[in-house]
Amino acid sequence: MKTLKSVITYCILCMALSISAQNMQEGFTYLETGQYAQAETFFNTILKDYPNDKTARLCYGRAIGLNGKAETANLLFTDLLKDYPNDFEVKLNYGESLLWNNSFTAAKTYYKDLVTEDPKSFAALLGFANTLSNLKEYESALNYVNKALDVSPGNPNALTSKKYIYLGYAYQNQQAQDYDKAEMLLTKNLELFGDDKDTLLNLANLYLIWEKLDEAEVTYKRLAEQPEHKTQALNGLALVAHLDGKEKQALNFSTEAYKRITDATDATISKQTTERYVQALIWNKKYKVARTLIEQLITDYPNQNWVLALRATLNIYKSNFKQSLADYNLILANDSTSFDGNLGKANVLKALGRFDDAYASAENTLTFYNNQKDAVNFINTMNISFSPNLDSRAAHTFDNGDNKAYTFNTNVTYPLSRRLSILGHYNYRTTNNTVTDNTANSNNLSLGLGYQVVPNITFKGTAGLTSAKAESTDYTQLLTDLSFNIKAFKLQTLDIGYKRQVESFNADLLDRELVQNNYYLSYNLGTNVNLGWYTQLMHTAQNDGNTRNLIFTSLYYNLLPKPNLKVGVNYQYITFKDQVPTIYFSPEQFNAYEVFVNLIKDEATAKPNQWFYNLTGAFGYQFIEDDPKQTAYRVQGAFGYKFSERSLLNIYGTHSNIASATAAGFTFTEIGLRFKWVFLNKAKFRK
């Protein structure tokens with residue numbers, strides 16, 4: 001908040017008390033025009049000849065105080081106050097010197113006495129208003145600045161103070177997440193001061209935090225109507241477009257702003273514009289261009305935090321998390337309070353699986369930026385990911401082999417720490433054949449643990465029993481599911497596992513007590529050029545002596561990021577050692593080729609009170625043994641609603657005639673309902 005600089009009143013007084021032997025008009029002019037260094041020199045010269053002149057002492061005190069020597073000015077006015085204890089003008093100057101020294105608590109008490117002594121003193125009223133504003137007592141500050149304006153209507157100093165009081169009051173409410181009141185205060189400011197740049201920027205920023213992107217866009221466009229502020233408006237519009245998932249539009253806005261930079265452009269705006277342009281390049285995956293520009297900036301601005309933050313961001317997008325972490329550490333070495341450094345480091349540590357350190361870095365952010373929304377949301381998201389949760393599904397399946405089934409399945413995860421979780425699984429399935437009237441059901445119950453061995457390796461293991469009741473037999477079998485998830489290299493994930501299960505697709509198979517021991521390996525490779533590759537190898541040994549080998553591979557390309565749209569091709573190969581087609585689908589050779597399109601609005605990125613979906617369509621051909629090729633198709637979909645960060649509900653369905661989709665080789669349909677619930681407010685190990 002700007003301190004009171006209304007020198008005119010004092011200068012008029014000084015002129016009235018001017019030294020007869022010396023004309024001080026030149027010094028008054030220096031003060032009035034803000035030439036404080038010249039004023040300091042001028043009045044210092046006067047005081048050499050007239051050391052006790054009150055007017056010269058007042059003006060010299062103001063000159064040095066406004067020229068950055070606040071403590072010296074305060075001492076000078078303290079001495080003046082001793083010499084002139086009842087002089088109101090001296091009192092006013094002493095009060096203002098308290099503001100220069102940021103002694104706001106003392107100033108509050110002092111100005112309260114001044115406005116009691118003279119309730120109509122404009123300088124006292126405005127000084128008190130500015131003091132209260134600096135103490136963030138904005139309601140009272142507004143009251144006193146209005147009183148000052150009653151004394152001096154339209155006074156520019158008072159109007160400037162009122163504008164900044166409104167801005168501070170709005171920001172205070174924004175921090176308290178009272179967005180409606182913050183909007184009201186900023187709108188009032190616009191009514192008083194027209195399309196004020198500072199107010200429009202604050203209002204647009206409020207809308208961004210409030211996630212009202214349309215309103216933010218309108219506000220930035222309103223600012224863009226002022227040619228001198230169009231560059232800042234374009235920077236804001238680029239950010240709005242990015243948050244709305246319109247990356248190409250963001251780059252267009254940012255490119256236009258970047259081209260407007262000239263040698264005459266304000267240095268701060270030039271930096272902000274360059275920063276936004278590099279960010280827009282990164283958002284659009286133009287990594288080579290972004291890297292070249294960042295390298296030039298590193299040369300021009302070595303060890304500057306804003307440039308280091310850009311390089312860290314680029315490395316995050318390229319999944320070079322260790323390099324990004326190094327840059328954030330450099331930022332924090334330069335400035336331990338850096339918001340980008342602390343929260344950026346928290347995000348990188350989370351990506352590296354260093355969850356304890358991620359929590360610490362995010363909480364450190366809040367020590368410098370109290371209640372900052374992004375840091376609070378980061379911690380809340382982490383808390384939810386480590387909170388006990390339940391994921392349940394109920395489904396009905398049927399096929400053209402007259403098999404029907406109803407299934408209920410639930411998984412519970414209960415974290416005991418950031419590295420260790422208890423896992424629980426229950427499954428109930430009842431199935432029958434409407435032609436043979438064969439009926440069977442099974443209950444599966446498993447318990448186990450999930451454990452982060454090291455940041456890039458996670459183990460999950462469960463063991464339990466299945467209890468089955470079929471037409472000719474009842475039995476119990478052991479169930480096991482063991483796996484390691486390994487993130488050994490950048491953009492690469494490897495899963496290795498073993499799973500023991502009982503084939504329960506239909507009543508006939510459940511009656512045969514067919515136990516499968518599956519050994520599998522899955523490998524997923526991402527790239528920075530939108531290509532991806534997934535492959536799974538599986539060997540199955542069954543208790544009937546038969547074995548199966550399976551290969552599935554998928555090559556895909558991401559066309560759009562939001563919503564995610566990918567196209568690709570899949571290939572599947574299956575071979576069984578023994579062919580028992582009358583019992584289950586077991587060809588010596590099975591080949592399937594398909595092209596697919598997948599459209600996803602991911603539930604993980606959906607916000608509360610938003611819909612999400614996952615739609616897949618695939619078409620191709622399948623070859624069973626030496627039979628002629630057959631058309632193969634697959635349609636899958638899920639559509640749901642996220643009630644909050646802790647609960648969601650969706651329906652899902654699959655229809656496919658790909659023979660490998662079922663153990664019996666039939667055309668297969670499934671429809672189901674899923675409910676996910678984080679049932680405790682936060683991680684139990686978090687205090």
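Me: How does the radius of gyration of the chain stand against that of a compact globule of 687 residues?

Reply: Along its principal axes, the C-alpha trace of this predicted model spans about 125 × 45 × 40 Å. The chain holds 23 helices and 16 strands, and a compact globule of 687 residues would have a radius of gyration near 26 Å, but the value for the chain is 36 Å.

Me: What share of the 687 residues in the chain is buried?

Reply: A residue counts as buried if its relative accessible area is under 20%. By that cut-off, the buried part of the 687 residues in the chain comes to 47%.

Me: Which elements give two or more residues to the lining of the largest cavity?

Reply: The structure holds one cavity of 30 Å³ or more, and the space in the largest cavity is about 60 Å³. Its lining includes Leu213, Asp214, Leu237, Val240, Gln249 and Phe253, and it divides into five nonpolar residues, one polar and four charged. The elements that give two or more residues to this lining are helix 13 (213–224), helix 14 (230–243) and helix 15 (247–259).

Me: Which residues of the lining are the closest to the centre of the second largest pocket?

Reply: The second largest pocket has a volume of about 290 Å³, and the elements that give two or more residues to its lining are strand 12 (590–601), strand 13 (610–624), strand 14 (630–644) and strand 15 (647–656). That lining divides into five nonpolar, eight polar and five charged residues. Of the 18 residues that line the pocket, the closest to its centre are Asn614, Gly637, Ala638, Asn650 and Tyr652.

Me: How are the rings of Tyr571 and Tyr593 placed in their aromatic pair: stacked, edge-to-face or tilted?

Reply: The count of aromatic pairs comes to 28, and in the pair of Tyr571 and Tyr593 the rings are 4.9 Å apart, centre to centre, with 40 degrees between the planes. This pair links distant parts of the chain, with Tyr571 in strand 11 (residues 564–576) and Tyr593 in strand 12, 22 residues apart. Because planes under 30 degrees apart count as stacked and those over 60 as edge-to-face, the pair of Tyr571 and Tyr593 is tilted.

Me: Are Tyr571 and Tyr593 buried, exposed or partly exposed?

Reply: The relative accessible area is 24% for Tyr571 and 41% for Tyr593. Buried means under 20% and exposed means over 50%, so Tyr571 and Tyr593 both count as partly exposed.

Me: Which residue has its charged end over the ring of Tyr84?

Reply: Elsewhere among the rings, Phe28, Tyr30, Phe42 and Phe43 form one aromatic cluster, and Lys629 lies over the face of Tyr621, at 4.3 Å from the ring centre. In the case of Tyr84, the charged end that sits over the ring, 5.2 Å from its centre, belongs to Lys54.

Me: How many Å separate Leu560 and Ile600 in space, C-alpha to C-alpha?

Reply: Leu560 is found in strand 10 (residues 547–560), and it is partly exposed, with a relative accessible area of 43%. Although Leu560 and Ile600 are 40 residues apart in sequence, their C-alpha to C-alpha distance in space is 9.9 Å.

Me: Which residues does the cis peptide bond with omega of about -10 degrees join?

Reply: Most peptide bonds are trans. With omega at about -10 degrees, the bond joins Lys562 and Pro563.

Me: Where is Asn303, a residue with a positive phi?

Reply: Most residues other than glycine have a negative phi. Lys285, with phi near 60 degrees, lies in the loop between helix 16 (267–283) and helix 17 (287–300), and at 40% relative accessibility it counts as partly exposed. Asn303 also has a positive phi, of about 60 degrees, and is partly exposed at 42%. The place of Asn303 is in the loop between helix 17 and helix 18 (305–317).

Notes: Residues numbered from 1 in each chain as written. Predicted model: local features only at pLDDT ≥ 70, side-chain atom pairs only at ≥ 80, totals over all residues. Heavy atoms only, no water. 1 Å grid on protein atoms, 1.4 Å probe; cavity = no way out; pocket = protein on both sides within 12 Å on 5 of 7 lines; lining within 4 Å. Points joined across faces, edges and corners; volume = space filled by probe spheres on them. Helix = DSSP H or I, 4+ residues; strand = E, 2+ residues; numbered from the N terminus. Nonpolar A, V, L, I, M, F, W, Y, C, P; charged D, E, K, R; others polar. Phe/Tyr/Trp six-rings, centres within 6.5 Å; stacked < 30°, edge-to-face > 60°. Buried < 20%, exposed > 50% of the residue type's maximum accessible area, 1.4 Å probe, protein only. Lys NZ or Arg CZ within 6 Å of the ring centre and 35° of its normal. Rg over C-alpha atoms; globule rule 2.2 N^0.38 Å.
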